[in-house]
Amino acid sequence: MKKVVKFGGSSLASAEQFQKVGDIIRADESRVFVVPSAPGKRNSQDTKVTDLLYKIYGMMESNRPYLKVLEQIKIRYAEIIRGLGLKVSLVKEFEEIRKQLEKGAGEDYVISRGEYLNGKIMSAYLGYDFVDAANVIRFNDDGTLDAEETYRLMKAQLEAHPKAVIPGFYGSRKNGTVVTFSRGGSDITGSLVARAVKADIYENWTDVSGFMVADPRIVKDPEVIHTITYEELRELAYMGASVMHEDAIFPVSQVGIPINIRNTNDPEAEGTMIVERTSRVSKYTITGIAGMRGFVALNIAKDKMNTAVGFCRKALTAFEENGVSVEHMPSGIDTMSVIVHQKDFSEKEQQVISRIEELCEPDHLDIESDFALIAVVGRGMKSTRGTAGRLFSALAHAHINIKMIDQGSSELNIIIAVSNDDFENAIRAIYDIFVMAQI
């Protein structure tokens with residue numbers, strides 16, 4: 001058995017948290033490759049190390065003195081080292097960082113140093129080898145990941161290190177320039193390592209005991225999802241549900257390596273298993289509920305639209321030309337609605353409308369704004385009769401008006417639109433009918 005384990009910022013925020021992580025790793029000899037994030041918040045008033053590094057870069061760009069902030073970061077790491085009773089020194093590392101800052105280091109280099117320094121501490125604490133992610137994760141010149149070269153480099157280097165710490169979040173171009181993933185990208189690093197070493201499982205340790213059926217900020221103490229497929233997770237992540245970075249799914253899903261979401265503060269909890277496919281029956285008809293506010297619908301009407309060849313293509317051209325991504329497109333015989341993110345659309349709405357008028361010559365066009373989309377996802381819905389009926393009845397009982405309904409051909413999800421004001425009540429109503437009613 002070979003495991004890759006990734007620990008998030010909250011799991012490594014202090015020496016006390018480091019010790020919990022150390023206990024977890026030492027409790028299972030198969031946890032041989034460790035991917036750490038930068039230290040997160042120790043409390044609600046605290047600042048993440050990565051945010052301090054962003055601050056340093058901003059101050060550097062505006063020619064403001066930043067050494068006091070760099071000193072804060074030094075103190076933060078010194079507290080962790082002292083709390084762990086280590087003799088390791090980061091003096092040389094901080095001196096190199098200071099030199100690079102003076103030379104005008106790029107943003108990606110600056111913000112990646114949190115993971116780099118935490119990796120140094122973690123390797124000393126565990127007695128594992130340190131492998132710089134810049135040497136094993138390769139990016140193309142345009143900033144995209146070169147996955148195949150990454151797997152080649154990583155496989156070759158990690159074969160020489162039976163146990164290693166690989167910092168998360170960053171890699172480099174062939175010329176050595178550091179490049180980072182988007183925020184939360186340490187999850188991607190863990191996934192890449194898991195695939196490269198052909199791990200049996202990828203454990204992603206965070207501060208929650210798995211993936212929840214609904215957002216705990218909306219539903220009090222929601223149930224944990226014990227098993228979820230990659231496809232279900234993609235649907236929920238697309239609609240805003242977040243426990244790990246969305247792009248971390250692909251490397252392992254392509255080769256069938258399961259992901260286990262675990263809680264550093266409750267290591268006995270089984271967490272959530274994310275798998276390619278499963279015969280396990282869901283505890284509930286649905287697997288999860290997720291959604292986002294802030295959408296706009298452009299409603300286009302034209303007589304005999306169904307006979308106008310290319311009408312939909314022309315309408316969508318107006319969005320494409322203006323760089324606006326389309327989320328959903330429900331349609332009827334003489335009508336179609338195009339749903340987009342309000343923040344992406346608001347500045348370009350007049351250009352899009354003018355182009356639709358020019359290309360499509362609609363009989364009527366109006367805009368409906370300030371509504372939310374909610375996805376109800378579950379592999380169990382396909383084999384359960386009356387799922388949609390229960391969903392609509394629950395919302396009607398809660399006096400919530402449904403503005404749009406869209407169901408994928410896979411029958412894996414049902415997406416509805418409601419007003420922004422009804423968003424949270426709608427999620428609670430759906431949770432109650434599908435989860436609370438079955439407990």
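These legends describe close-up views of a predicted model.

**View 1. Eight strands build an open sheet.** The sheet holds 8 strands in the order β3-β4-β2-β1-β7-β9-β10-β8. Its pairing is mixed. At the edges lie β3 (129–130) and β8 (227–229), and each of these pairs on one side only. Helix α1, residues 15–26, packs on the sheet. There, α1 touches β1 (3–7), β2 (31–36) and β7. The direction of α1 makes about 170° with that of β1.

**View 2. β7 and β9 run side by side.** Strand β7 covers residues 201–206, and strand β9 covers residues 259–263. The two run parallel, joined by 5 bridges. Look for Thr206: this residue stands opposite Asn263 in β9. In a regular strand, side chains alternate between the two faces of the sheet.

**View 3. Two charged ends sit over aromatic rings.** The charged end of Arg26 sits over the ring of Tyr125, at 4.6 Å from the ring centre. A second case involves Lys120 and Phe130. Here the charged end of Lys120 sits over the ring, 4.5 Å from its centre.

**View 4. Gly119 is a buried residue of helix α5.** Helix α5 spans residues 107–126 and includes Gly119. The relative accessible area of Gly119 is 0%, so Gly119 counts as buried. Beyond its neighbours within four places in sequence, Gly119 is in contact with Pro36, Phe130, Val165 and Pro167. The C-alpha atoms of Gly119 and Ala164 are 9.8 Å apart. Along the chain, those two residues are separated by 45 residues.

**View 5. Glu159 is an exposed loop residue.** Glu159 belongs to the loop between α6 (147–158) and β4 (164–165). Its relative accessible area is 59%, so Glu159 counts as exposed. Now find Glu203, 44 residues away along the chain. The C-alpha atoms of Glu159 and Glu203 are separated by 20 Å.

**View 6. Helix α7 is mostly covered.** This helix runs through residues 186–196. Of its 11 residues, 10 are buried. Among them are Ser186, Asp187, Ile188, Leu192 and Val193. Gly190 and Ala196 are buried too. Just after α7 comes Lys198, with a positive phi of about 55°. An α-helix has 3.6 residues a turn, so residues three or four places apart point the same way.

**View 7. Strand β14 pairs with β11 and with β16.** Strand β11 (residues 288–301) and strand β14 (residues 364–377) run antiparallel, joined by 11 bridges. In this pairing, Ala290 stands opposite Ala375. Another 7 bridges join β14 to strand β16, residues 413–419. These two strands also run antiparallel. Phe371 has Ser419 as its bridge partner in β16.

**View 8. Ile367 is a partly exposed residue of β14.** Ile367 has its place in strand β14. At 36% relative accessibility, Ile367 counts as partly exposed. Leaving aside neighbours within four places in sequence, its contacts are Val296, Ala297, Leu298, Phe345, Glu349 and Ile353. Gly85 is 282 residues away from Ile367 along the chain. The C-alpha atoms of Ile367 and Gly85 are 62 Å apart.

**View 9. Helix α10 has five buried residues listed here: Phe311, Ala315, Thr317, Ala318 and Phe319.** The helix spans residues 311–321. What covers its buried residues includes β11, β12 (326–328) and β13 (335–341). The cover also includes α11 (342–345) and α12 (349–360). Gly323 follows α10 and has a positive phi, near 70°.

View 10. The structure holds 0 disulfides. A disulfide would need the sulfur atoms within 2.5 Å. Cys312 is partly exposed, because its relative accessibility is 30%. Cys360 is buried, because its relative accessible area is 4%.

Conventions
Residues are numbered from 1 along each chain as its sequence is written. This is a predicted model: local features need pLDDT of at least 70, side-chain atom pairs count only at pLDDT 80 or more; totals for chains, interfaces and linings use all residues. Side-chain values use heavy atoms; hydrogens and water are left out. Two strands pair if DSSP finds at least two bridges between them. Helices (H or I, at least four residues) and strands (E, at least two) are DSSP runs, numbered from the N terminus. Contact means heavy atoms within 4.5 Å. Axes are lines fitted to C-alpha atoms, for helices over the stretch in contact, and angles run from 0 to 180 degrees between N-to-C directions. A charge sits over a ring if NZ of Lys or CZ of Arg is within 6 Å of the ring centre and within 35 degrees of the ring normal. Buried means under 20% relative accessible area, exposed over 50%, partly exposed in between (1.4 Å probe, protein chains only).
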